[in-house]
Amino acid sequence: MKKRFIYIMLVLLLFSYNSISAYEYHEEISEIECLLNQRIEIMNDFLYGVKDMRSLENKLEEIETGKLLENDLDILSKVVDNPTDYELAMNVKVDKINSLERVEDGICINADLIWQMRGYDGEYNVVRSYDIKCAETENRLYLSALVIIND
């Protein structure tokens, strides 16, 4: 009876550790999801609405910085000259944070993201792994890099 009790306690400890680790990065998950979803909204407004580059730049500067901002503006400016159909990103959620490292000016995260998309074939989800870098300025996070790891 004593052994059975010990085994049950070990199994419960193992399960509780796994569920606690999911909440370890709760604040970071929330911030990253918020920034990425704002980015989706800004880009969708541009792609499917009025193509005002100045407004786009002002909005993106609120959530992005560095190379990511430059790349997004460059790509979206080319869309003005070469319009085409794009699949619509509707939402993104952090599925899992594989690693998180705090660096001097922000955080570096390796995470699996679930993208909710809409295309010609309807709605579907895509899971991809990304290296995400966020710069922190005046206690505020900005996306500075979003690099896909698996395609």
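This is a predicted model: local features need pLDDT of at least 70, side-chain atom pairs count only at pLDDT 80 or more; totals for chains, interfaces and linings use all residues.
Local features need pLDDT of at least 70 and side-chain atom pairs count only at pLDDT 80 or more, whereas totals for chains, interfaces and linings use all residues. Residues are numbered from 1 along each chain as its sequence is written, and side-chain values use heavy atoms, with hydrogens and water left out.

The largest pocket has a volume of about 740 Å³. On a 1 Å grid over the protein atoms alone, a pocket is an open set of points where a 1.4 Å probe fits, with protein on both sides within 12 Å along at least five of seven lines; lining residues have an atom within 4 Å of a point. Among the 25 lining residues, Arg39, Met43, Ala89, Trp115 and Met117 are the closest to the centre of this pocket. Helices H2 (26-48) and H4 (66-81), together with strands S1 (88-103), S2 (106-119), S3 (122-137) and S4 (140-148), each contribute at least two residues to the lining.

The largest nonpolar core holds 35 residues, of which Leu60, Leu76, Ile109, Leu113, Trp115 and Ile132 touch the most other members. Such a core is a set of buried Ala, Val, Leu, Ile, Met, Phe, Trp, Tyr and Cys residues joined through side-chain atoms within 4.5 Å. Its largest share, 9 residues, comes from H2.

Helix H2 also contains Glu28. This residue counts as buried because its relative accessibility is 10%, the limit being under 20% relative accessible area with a 1.4 Å probe and protein chains only. Beyond its neighbours within four places in sequence, Glu28 is in contact (heavy atoms within 4.5 Å) with Leu100, Arg102 and Ile107.

Technical notes
Grid points are joined across faces, edges and corners, and a volume is the space filled by probe spheres set on the points. Helices (H or I, at least four residues) and strands (E, at least two) are DSSP runs, numbered from the N terminus. Buried means under 20% relative accessible area, exposed over 50%, partly exposed in between (1.4 Å probe, protein chains only).
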